[in-house]
Amino acid sequence: MTTINQLPLLTTLAGGDNLVVWSPNNGDSRRVPYSFIKADIRSGLISTEAGVINVQAAPYNTPANGIGDATAGLAAAFAAGGDIYIPEGNYRIAGTGPDSGGVSISLVRSLRVRCHPNAVFIADNLDADMIRMTVPADGTGVPAGGVTVIWDGGTFNQTNQKVSTSVPFIANYPPPPGKVGASATCDGLSIKGIYTIAGVNYNGISLCSISNMKANGGAHWQTAGGDSGIFASGAVMLNIHDCIFTGNRDLGIYASAGGAVRLDCKTTIYNNQFINCFFGAAMKRSGNYTSFYGNHAENCVIGFTMSLVSGPGFLGAAVTNNTANKCGTFLRSGLCTNLVVQGNRVSSLGAVLADGVTIEPIVGCNGILLRGDTRCLVADNVFDGQTAGAAAAYPSTRAMLVADELDGVPTTYTTFSQNIGNGLRIAGTDSGAGNVGNRFIENVVYNPGSSSGVPTLAADTYVIAIDPATNDNVFRSATAFVDGTTAAPTIYRFGQTNVGIGFDTNAVFLASNSTQRVAVNNLGVGFNGAAAVARPTYAAPTGTATRTTFDTATVTTAQLAERVKAMIDDVRVYGLFG
């Protein structure tokens, strides 16, 4: 027989040995066949390695019964750094007032935290972050290469956490009674790596990796507690993956490079799930080389947002191969450079409120909303259908693609190509006042509910592009249509008017240098902009036509009539008279 704390190496036990396992939750012990739990040992669910901190063991003695306050024990273990193991249990984190309480440490040592799948952190009337790790503001004590933070597993129960004052649209959607907070931040796991020296920001974290975590604000963001599930900033490399977020009042994941100054960092957010959150995931406050892929957002007001990703050269920001269902807006961006949005699949735009029926009416209903971005690519995204009621809630919007401005900064030189939608009002709009150089190419919306100003190319099929000079809807491929009516489509050289072959009401014209050179309508033919002359309405002449020569001195009236008849016949044959 071997006790768990006598186990230096996994290989010291034969497969048939028994272990005496002591449970810190109830204080008893039991015999368990080694073969039954050896997989848990090897996977780290039971910590046996030398040097690993078990937060329930001395000197930390962290209670895990959901009754005692676990704040001090967790804080001491995290401050010690190193390899930390959090066994199964309920870890109560109590609040003591606005922005006080919670686990808060100064992050100057690297640490790896491994949580048992049934390790649950419970907020108890907490008006602050549940677990907050922050490097010193001036970098004191931070190693030259930065610290490493690795977090794996665990559940953050934020349902009894206060809602911060910074959540979006708080006036429109006030927190439920009892959850109104006074703090500006009430996240679940908050890891902040920015420090400042002489006005310059630095990343104090070399690597931050968060995985297999769950954050639960409640069934729906409207009734939720807390703020974001994860806030992470100031890491040279930040990876967040395979996590599940439910009902977060602000964001499931709030990633940030930190501060307005662009920092060198690479952020990858992938394979996460966001359910009933206000936002799914966001990258804010700058940051290069950011990638969202393989994530799913379900009934979020805004699925994903990318803001202030800007700086010289190609920045590598990308939102690719994500899925969403019943979101008000799939992606909202702001002031991005070289953002790529490609290969995403979205169904049933229009997020519902906590009653499960009412469409969220304030934020808006769009597929992809770009604001103040430049030199971006939006291509090969698919939007299918609408949530019932979205058409009534947004009768004049519901656009698949929107190029707008943000704080006076226009969206410029961005290409929207080959995106496909079903059941939206329009395929796209270029609405920013200063927008220039944007190209909308072969974007299609089928079965639009209302399509004023959208050109019809086939039954129930609408394709749209934008003329940046006039913001008119046009289609540009082999042909271009100046508007959506059958009265005035135009085939022309893009960016110029009255150049090429044009069609107007009951008219066809040839034009160059902005002047109609030849115009034909139901009246007749006009040249160089002159009005067409009405054609004669007399009947065709009858009688004999003669084309022989004649002597002008002796020709008779009858002979002259025969020759005029022949001339009129020839002109009519060639369509020159009639």
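Figure 1. T411 lies in the loop that joins strand 38 (399-404) to strand 39 (415-417); strands (E, at least two residues) and helices (H or I, at least four) are DSSP runs numbered from the N terminus. This is a predicted model in which local features need pLDDT of at least 70 and side-chain atom pairs count only at pLDDT 80 or more, while totals for chains, interfaces and linings use all residues. Residues are numbered from 1 along each chain as its sequence is written, and side-chain values use heavy atoms, with hydrogens and water left out. T411 counts as buried because its relative accessibility is 0%; buried means under 20% relative accessible area, exposed over 50%, and partly exposed in between (1.4 Å probe, protein chains only).

**Figure 2. Contacts of T411.** The side chain of T411 reaches the backbone nitrogen of G372 at 3.0 Å. Leaving aside residues up to four places away in sequence, T411 touches several residues, including L370, D373, A403 and N435; contact means heavy atoms within 4.5 Å.

**Figure 3. The two faces of strand 20.** In a regular strand the side chains alternate between the two faces of the sheet. Strand 20 (residues 230-233) is covered on both faces, with I230 and A232 buried on one side and F231 and S233 buried on the other.

**Figure 4. Partners of strand 20.** Strand 15 (residues 189-192) pairs with strand 20 in the parallel sense over 4 bridges; two strands pair if DSSP finds at least two bridges between them. Here I191 stands opposite A232. Strand 20 also pairs in the parallel sense with strand 23 (residues 251-256), over 4 bridges, and S256 in strand 23 is the bridge partner of S233.

How values were computed: Polar contact = N/O pair within 3.5 Å; in protein donor to acceptor, adjacent residues only side chain to side chain.
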